[in-house]
Amino acid sequence: MTDELEDQIIAKTQGYLNAKKHKEAAESADALARVDPKDAIVWYLKGKVHYMSGEHEEALAALSKAATIQNNSPDVWLLMGYTLVALRRYDESVQYLEYVKNLKPDSMEASAALGIVHAILGEADAAHARVADALSLNKAGAVVMLENFNKQFIASSPAVEAGTKELVENLIEKARLTK
């Protein structure tokens, strides 16, 4: 496959994702994986499609293939960390998100996700420190991420204790008020 054709299919798949056309995105990603199975971006994209479709085990499998091909991509490890949060495998997600911070110290996304995970684990000091780091890197982006993580994984989950939900709400409120 030519790089240009591959780039077109990648862009098409991403366009389907942006339009929330998960079935079409999955078909496009599957076709790409059949044609170029040795390209990490193909497996990353396939993992992203599964993640966005709520197919977290499948996302993790595809992202693991991407990491095997190219183990130093912060984007792959970040999405793996998010996927592990979605699967409630919090201790593992901390390891993956910390690896992202080692690869890319200025990753606001990893810091914000670590703040949420530490809150879920009941580690308030670590949660506050990671949220502060995220805010120092990109306040507006960190607030949006914290709100999205709260909406997706915390507020609506019966598995998350009331005290944890309160801690996360306080972190978000403090983040909004930080100058």
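How close do the axes of helix H3 and H5 come, and at what angle do they cross? The axes of helix H3 (residues 40-52) and H5 come within 11 Å and cross at roughly 25°. Here axes are lines fitted to C-alpha atoms, for helices over the stretch in contact, and angles run from 0 to 180 degrees between N-to-C directions. That angle makes H3 roughly parallel to H5; angles under 35 degrees count as roughly parallel, over 145 as roughly antiparallel, 65 to 115 as roughly perpendicular and the rest as oblique.

Before going on, a word on the model. This is a predicted model, in which local features need pLDDT of at least 70, side-chain atom pairs count only at pLDDT 80 or more, and totals for chains, interfaces and linings use all residues. Residues are numbered from 1 along each chain as its sequence is written, and side-chain values use heavy atoms, with hydrogens and water left out. The protein averages a pLDDT (the predictor's confidence in each residue, from 0 to 100) of 90, and 98% of the residues score at least 70. Helices (H or I, at least four residues) and strands (E, at least two) are DSSP runs, numbered from the N terminus.

Back to the packing. On the H3 side, Tyr44, Gly47, Lys48 and Tyr51 meet residues of H5 that include Asp75, Leu79 and Tyr82; contact means heavy atoms within 4.5 Å.

Helix H5 (residues 74-86) also packs against H6. These two helices are roughly antiparallel to each other. Among the residues that meet there are Trp77, Gly81 and Leu84 in H5, and Ser93, Tyr96 and Leu97 in H6. The two pairs are set out here:

| Helix pair | Angle between axes | Distance between axes |
|---|---|---|
| H3 and H5 | roughly 25° | within 11 Å |
| H5 and H6 | about 160° | 8 Å |

Finally, let us visit two serines. Ser93 is found in helix H6. At 0% relative accessibility, Ser93 counts as buried, where buried means under 20% relative accessible area, exposed over 50%, and partly exposed in between (1.4 Å probe, protein chains only). Not counting residues up to four places away in sequence, Ser93 touches Gly81, Leu84, Val85 and Val117.

Ser107 lies in the loop between H6 and helix H7 (108-120). With 2% relative accessibility, Ser107 counts as buried. Leaving out residues up to four places away in sequence, Ser107 touches Val100, Lys101 and Leu137.
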